[in-house]
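Please open the structure in your viewer and keep the sequence beside it.

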Amino acid sequence: MKKRLLSLLLILVLALSLFPAALAVSGISDVPADAAYAPAVEWCREQGLMNGVSADRFDPEGTLTRAMLATVLYRAEGTPAVTDASGYTDVSAGNWYTDAVLWASGADLLQGYGGGYFGPNDPVSVEMLDIVMARYRGELPTWAGDPARAVPATRAQVAVALYENLGWEETTRGGKVLVAYFSATGTTRGAAERVQAATGGDLFEIVPAVAYTSADLDYNDSASRSQMEQRDPAARPAVSGAVEGMDGYGVVFLGYPIWNGRPPRIISTFLESYDFTGKTIVPFCTSGGSGFSDSGLHELASGATWAEGRRLNSASQDAVTQWVDGLQLSFKEETTMKLTVTNGNTSVVFKLNDSPAARSLAGQLPLTLDVRPFSFNEQTFYPPTALDTTGTPDITSAQAGTLAYYAPWRDVVMFYGSFSGGGRGVLFELGQAVEGADAIRELSGTITITAK
Ligand SMILES: Cc1cc2nc3c(=O)[nH]c(=O)nc-3n(C[C@H](O)[C@H](O)[C@H](O)COP(=O)(O)O)c2cc1C
């Protein structure tokens with residue numbers, strides 16, 4: 001008996017040493033540190049997108065409702081103000097998810113079923129998740145009704161999808177847009193709302209600490225408050241409230257009515273309240289007939305780049321959107337994707353172009369596979385799924401650092417020497433190395449490829 005007990009104990013000790021308890025991601029007991037989805041969970045938690053089901057549990061195998069997915073995407077967008085009333089019979093005002101659902105459906109990411117239903121409590125299927133992510137990338141996916149993907153997506157799958165599609169996004173100039181406006185009688189507010197719709201930015205109303213009465217606004221009375229202020233270049237009417245997180249905005253649209261041929265002095269107060277260095281300011285106005293003016297404003301935010309302003313009185317939503325698009329501001333530029341190829345202590349970072357092929361590669365990350373040297377100037381690897389090369393620039397030459405896809409063999413090529421004389425329609429450019437290009441030549445054995 002004693003012998004049996006001893007051998008059982010021995011087996012137990014052996015089993016424990018062979019299978020040490022998997023280390024969990026810090027602070028989360030149910031996500032093993034070596035799980036493929038662990039980096040995605042950590043990232044989602046860092047970003048405050050998916051915080052888990054309790055302080056120490058993420059519930060990776062759990063599922064997510066459509067309301068929850070809308071909320072996660074809404075958080076990723078910085079929870080912009082939503083003014084629309086709910087048109088869905090099953091999404092009442094004031095729910096924890098109402099704004100998120102209205103935003104996600106207004107942004108065409110997650111739409112209702114028709115007939116006024118959104119289905120906030122329905123689980124998100126794997127196919128639905130794929131579709132939402134494709135829409136997020138700006139694609140126009142079609143619903144395949146694939147039975148294999150009709151199963152609910154797990155929270156781990158959602159975390160990975162978010163990490164792959166949002167995790168490497170980086171806009172070139174701080175990205176976020178603020179639409180700040182002052183409006184005494186509501187006209188500029190309407191224009192600001194159209195600018196907000198065109199930019200997806202955050203709306204901020206410049207509210208005077210002391211509201212203007214109609215007597216104050218009487219421009220026929222030279223002794224009225226507005227007239228006295230406009231005559232006095234030093235007048236700085238106080239603003240009530242402040243923009244939260246101004247540092248995070250790269251582009252500020254600034255709207256105001258024209259008063260006596262120029263911007264109201266409260267706009268000067270606003271400009272002097274923040275540091276606009278490095279930001280782009282796009283002024284716009286409404287008026288009773290006078291043309292646009294930003295007279296006296298530039299010197300109050302001289303570190304900013306001032307875009308040409310526009311009077312927007314009668315500009316329709318389409319006209320405003322066209323104007324905003326025409327400005328070609330960086331927040332409208334495509335987001336930049338980067339991927340990192342790691343091999344031991346060596347890593348190479350590639351900046352991807354915005355082609356469908358680069359996106360299909362990014363969608364397969366993270367990958368762990370073998371690098372295969374080819375010729376005297378290439379290192380290659382084979383992504384599990386062929387890349388979609390439609391609309392991807394084909395190249396007939398490459399330099400050291402070029403990342404490309406050789407469609408006939410379905411392999412990705414990292415060039416460490418130049419190449420020329422290729423045929424058309426076989427080699428497609430995916431991007432360029434931006435860090436560690438010299439190390440491409442040294443890569444060998446197993447590499448991991450992650451979104452940066
Ligand atoms: C004090 C004051 C001065 C104004 N001066 C001008 C002006 O010089 N030229 C003009 O075309 N409109 C002028 N207006 C009209 C406003 O610019 C116009 O009604 C504007 O669209 C109002 O915007 P809001 O409703 O957002 O305040 C003035 C209005 C006020 C109250």
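The model is a predicted one, in which local features need pLDDT of at least 70 and side-chain atom pairs count only at pLDDT 80 or more, while totals for chains, interfaces and linings use all residues. Residues are numbered from 1 along each chain as its sequence is written.

Begin by colouring the chain by its domains, which are domain 1 (38-166), domain 2 (176-332) and domain 3 (337-451); these bounds come from an automatic or database domain assignment. The centres of domain 2 and domain 3, taken over C-alpha atoms, are separated by 46 Å.

Next, select aspartate 59, in the loop between α2 (38-46) and α3 (66-76). Helices (H or I, at least four residues) and strands (E, at least two) are DSSP runs, numbered from the N terminus. Although aspartate 59 is not a glycine, it has a positive phi of about 55 degrees. A residue is called buried if 20 or more other C-beta atoms, placed from the backbone, lie within 10 Å of its own, exposed if 12 or fewer, and partly exposed in between. Aspartate 59 has 17 other C-beta atoms within 10 Å, and is therefore partly exposed.

Now move to aspartate 108, in the loop between α4 (98-106) and α5 (126-136). Aspartate 108 is not a glycine either, yet has a positive phi of about 60 degrees; with 9 other C-beta atoms within 10 Å, aspartate 108 is exposed.

Then select helix α9 (residues 265-272), which is largely enclosed by the rest of the structure because 6 of its 8 residues are buried. Those buried residues are Arg265, Ile266, Ile267, Ser268, Phe270 and Leu271. Show their surroundings as well, for they pack against several elements, including β1 (176-181), α8 (225-231) and β5 (249-257), where contact means C-beta atoms, placed from the backbone, within 7 Å.

Finally, select strand β15 (residues 411-415), where 4 of the 5 residues are buried. Two strands count as paired if DSSP finds at least two bridges between them. Strand β13 (residues 378-381) runs antiparallel to β15 and is joined to it by 4 bridges, with glutamine 379 having methionine 414 of β15 as its bridge partner. Strand β14 (residues 402-406) also pairs with β15 in the antiparallel sense, over 4 bridges, and here tyrosine 406 stands opposite aspartate 411. β14 and β15 form a hairpin with 4 residues between them, and arginine 410 in the turn has a positive phi of about 55 degrees.

Terms used:
Contact = placed C-beta atoms within 7 Å.
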